[in-house]
Each structure stands twice: as C-alpha cells, then as structure tokens.
Amino acid sequence: MNQVAIPLIVFLVETVNFIGGLGLLSHQVFRETFSGKIYWRLISEQIYQVGYRSLPLILITSGSIGMVMSLQFGLGLEKFGGKLYVPKLVAATFLREMGPMFTSLMLAARVGAGIASEIGSMVVTQQIDAIRALGTSPIKKIVIPRVIACLVVLPILATLSNIVGNFGGLIVGATELNLDPNFYYLKIMATASLEDYLSGFGKTFFFANFISLPACYFGLNVQNGAKEVGIATTKAVVVSSIMILIGDFFLSKVFWMIAKWV
Amino acid sequence: MIEVIEFKKSFGTKQVHRGVTFEVKKGECLGLIGGSGTGKSVILRSLIGLEKPDSGKILIDKVDITKMNERELLEIRKKVAYAFQNGALFDSMTVFENLAYPLREHFHLSEKEIKGRVHDQLADFGLEGNEHVYPGNLSGGMQKRVGLVRAMMMSPQVILYDEPTAGLDPFNTKKIQDLILRLKSRGVTSILVTHDMPTANAVCDKMAMLSHGRIEAQGNMSELNQDGRGAIAKFISGEEF
C-alpha cells in the first residue's frame, strides 16, 4: 500500500508546488516586465540564441514532417482516388497543428533544456545569488529576456515551419505522387485560409510561455549541485512537452469556438 | 552599524541557529568562526537578505532588514557587499564585464568612465592585464580576488567575506589579507567568516565563535588571546569544547 501511496503523495505535493511556484514566477515576470529598466541587449542576445540558433533544427524537422505527411496522405488516399486532396490536407494540418506544435516541441527540447541547465548551473555556482547580492533582480536579468525571446521567436519560427513543411509536401507530391507542382501550389493557396493560419499562430504565444516559464522555474529551483541540474533539465523538457500537448487540445477548442463565433 | 538579535533558523527539522546575537560597530571587522556546518555562511547570507531567518532581527543602520521584500533589499545591497567564497563571477562575462556590472547597473556613467574605474581598481589590486580573461581561465585565488574587487566596486559601507582565503596558498592568502586591510583602512565595516586563524588574527578587531546554534564566545583579539582556556582557544587548538 505504502509503495503506491507514498510516491503518489510525493507526486501530488510536487505538482501543487510546481503550480504554485509557476504562478508566482509568472506574476513576478509580469510585474517586473512593466516596471523599471528593460534589458534590450539581453533580450536581443536571447532572441539570437533561441531563434537564430534553433532555425536549422526547425527547418529540417518541418521539411521532413511535411514530406512524410504528403507521402502518407498520398499513399493512403491514392486507393480511393483522393490523391488530389493531399495539398489541402497537408496545408490545413500544418497550419493548424503540426507547424506550431512541432516547432514548440522542438524548441522545448532544445531551448527549454538549455534554459533550465544554464540557470541551474548559475544557481549551483552562486551566480544567481551574486546577481541579487549586487542589487539586481535575476527575474529581470535572466528570466524576462528568455520569456520575451520565446514570445518573439516562436511565432516567427512556426510561420517558417509552415512554409518549409508545405514546401516539403510539395516536393514529395511532385516527385513521389506525380502531382503537378503548380497544381499543388495553387491548391495550397486556394484552400489554406487565414483562419487556419491564425488558429495555429495564436497558439504559439501560449506555447512560448509553456516552454520558457517551466524551464526558468526548474532552473531557479536547483538546490543540490550538478545532479539536480540534470534532473531540472529533464523535468523542464517533460513538463513543457506535456503542457504543449495538453494545452494544444484546449487551445484548438478555444480557437475553433472563436472562429465559429466570429 | 550591524546588530543581529536572537537570530533563529532551521532547515527542515534541524535547528541550526537557536538565538544568535552579536553586534558590529562602524569600521570594525568581526571574525565569525566555528566548526563546519554551524551556519556561519547562513548568517552572512541573511545579512544581505539572501536567506530569511525564522525569527529574530537583523538591523543595519537601525533598520530591520528581515521584514523587507526583494525590492526593498535592493537598496540595502547597494551598501552591503558580499564577497562569495568562490568569487561567484559571471562565467559568460570577462573580468572587465564582471567588474563593470555593478557600475552599469547603479550609476549613470559613460563607457569611458566605467573603463577608467575598472582599470584603476584592477591596477590598485594587482590584477591588471586580466581584463579580457574569462573567469574559467583564472586560478582560484585570482577568481576570489576579482570577486572581492567586484564586491567593492560600489564603494559599500559593509563587506561580508565568506571564507576569502579558503584553499589558497600563502602568497594568495597574504594578498587577500592585504586587500581586506586596505578596505578596512578606508573605514569599511566587515564581517569575515573563516577557519583561517592567522588571517582572522591579522585583520579582525574582534571575534565571535558560533557553536551549538549560539555565539559561544566573543571579544576583542587581546582578550581572547589572553584567555587560553576559552572556547576560541580550544577551537584553535582542535580540542573539544
């Protein structure tokens, strides 16, 4: 009994701690973003780190996913004579779901892990204490630049991912499914709507917070040396990914309701 | 200048401080000694608000800092500096950038003025030529010295030293002692947490020994040196007390 109960209680306590801690951190970030000095140089450095350096990863994965989707849809629909619907399916799925979600998951893995381990190491080597001891705020110097960078970069990366993913689909459509590239392109343009794009684009602002805030939270809460840095890094990636995947469902529903209402 | 009154602090079920009380007057240097794990560094960290006591008061210039929030503490941290045991230098910044950090944050100085001040301090403490070196490429002793210089860049009224000579060779120990003495001669109040008794003897005006969660003994150096059977004498000679 105890073997089940104790880990369950520990898990529940940790979850409540995490939710409370994340709430407090979000409140501090919000409050300090709109008061006092803004470190533009640190924000631009983080935009470079988070955005530019993630670009190859995002472009390669998006291109590959677009190609795979096109191939799978094509082979599946060919049996029913529905190959011509591949451009529409790939475009709509990419714009609404795959582009923003895969970009976010990739960023959670690359950037979330990086943020948690970097901040965790700074805690272990007392650099976060030093920031405080020198009369400055680690929220302003460390957390806010990373949160803003993710908020700026993720929508841009998701948009690029949409373009590259559809381009990957077009290449496979032309080479493997014998679809005319011009037809494929025109079909995308004719069927993909602004609503599809905005529904995916809107989610990225939430996903940016799901990546940066848990990563900063776990990094700042490292206490006992190098081993905990590794644990914090793993937790950051796992929690961010879960938040993105679960959040995606609810956000899809919300955006669908908004679209219906508008 | 600094008063610690009935300071109590626990970690989990372990009560580390059971009512620590001491006072440091302006310009004085207090040596805080005691065995490992007696909570000396916790007191030091609490004096700058990095830790909060469970109860008790910490008065700096008669103002209790234990009730202050993080924003109010920023002002205290401009006049009370903390020299970390390992320097705690920002590893993504060069020595120059580390020293320029407090100046850029708290003073409206031109880049030329910042450069001038940093170069002056580096030359003053024999660290010139290391401006563009990253902390990872400095020796432990150099890191500690740069950490000390960074702590005093804002000309604080109080400096808290956390084991500044731990693990250093006699040459670097002497350099750190000289540095502390120079700051003391400028009227800076200081608290020195250390196990290094020669350094404590060289720089401290008085000593307080932390044991069993309380200040077991305190007094000025001549009093303590005369009391050969006291707790501090026993601590120094490695006897049980």
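Modeller: This is a predicted model. In chain B, helix α5 (residues 140-151) lies across β6 and β7 (158-162), and its direction makes an angle of about 175° with β6(B).

Biologist: Which strands does helix α6 of chain B lie across?

Modeller: Helix α6 (residues 170-185) of chain B lies across β3, β7 and β8 (189-193). Relative to β8(B), α6 runs at about 155°.

Biologist: In what order do the strands of the open sheet in chain B follow one another?

Modeller: The order is β6-β7-β8-β3-β9-β10, six strands of chain B with mixed pairing. The edges of this sheet are β6 (80-83) and β10 (214-220) of chain B, each of which pairs on one side only. On average, neighbouring strands of the sheet are turned by 15° against each other, direction ignored.

Biologist: How many bridges join β3 to β9 in chain B?

Modeller: There are five bridges between β3 (residues 29-34) and β9 (residues 206-211) of chain B, and the two strands run parallel. Within this part of the sheet, B:L30 stands opposite B:K206 in β9(B).

Biologist: Why does the radius of gyration of chain B agree with that of a compact globule?

Modeller: A compact globule of 241 residues would have a radius of gyration near 18 Å, and chain B has 18 Å, so the two agree. As for burial, 41% of the 241 residues of chain B count as buried. Among the contacts in chain B with a separation of 6 or more, 63% are accounted for by residues 24 or more positions apart.

Biologist: How is an interface to be read?

Modeller: Its size is often expressed as the accessible area lost when the parts come together. Here one may count residues instead: 14 residues of chain B are in contact with ten residues of chain A.

Biologist: Which elements of chain B give two or more residues to the side that touches chain A?

Modeller: They are α2 (70-79) and α3 (95-106) of chain B. The most comes from α3(B), which gives four residues.

Conventions
Residues are numbered from 1 along each chain as its sequence is written. Chains are lettered from A and ligands numbered from 1 in the order in which they are written. This is a predicted model: local features need pLDDT of at least 70, side-chain atom pairs count only at pLDDT 80 or more; totals for chains, interfaces and linings use all residues. The radius of gyration is taken over C-alpha atoms; the globule rule is 2.2 Å times the number of residues to the power 0.38. A residue is buried if 20 or more other C-beta atoms lie within 10 Å of its own, exposed if 12 or fewer, and partly exposed in between; C-beta atoms are placed from the backbone. Two residues are in contact if their C-beta atoms, placed from the backbone, lie within 7 Å. Two strands pair if DSSP finds at least two bridges between them. Axes are lines fitted to C-alpha atoms, for helices over the stretch in contact, and angles run from 0 to 180 degrees between N-to-C directions.
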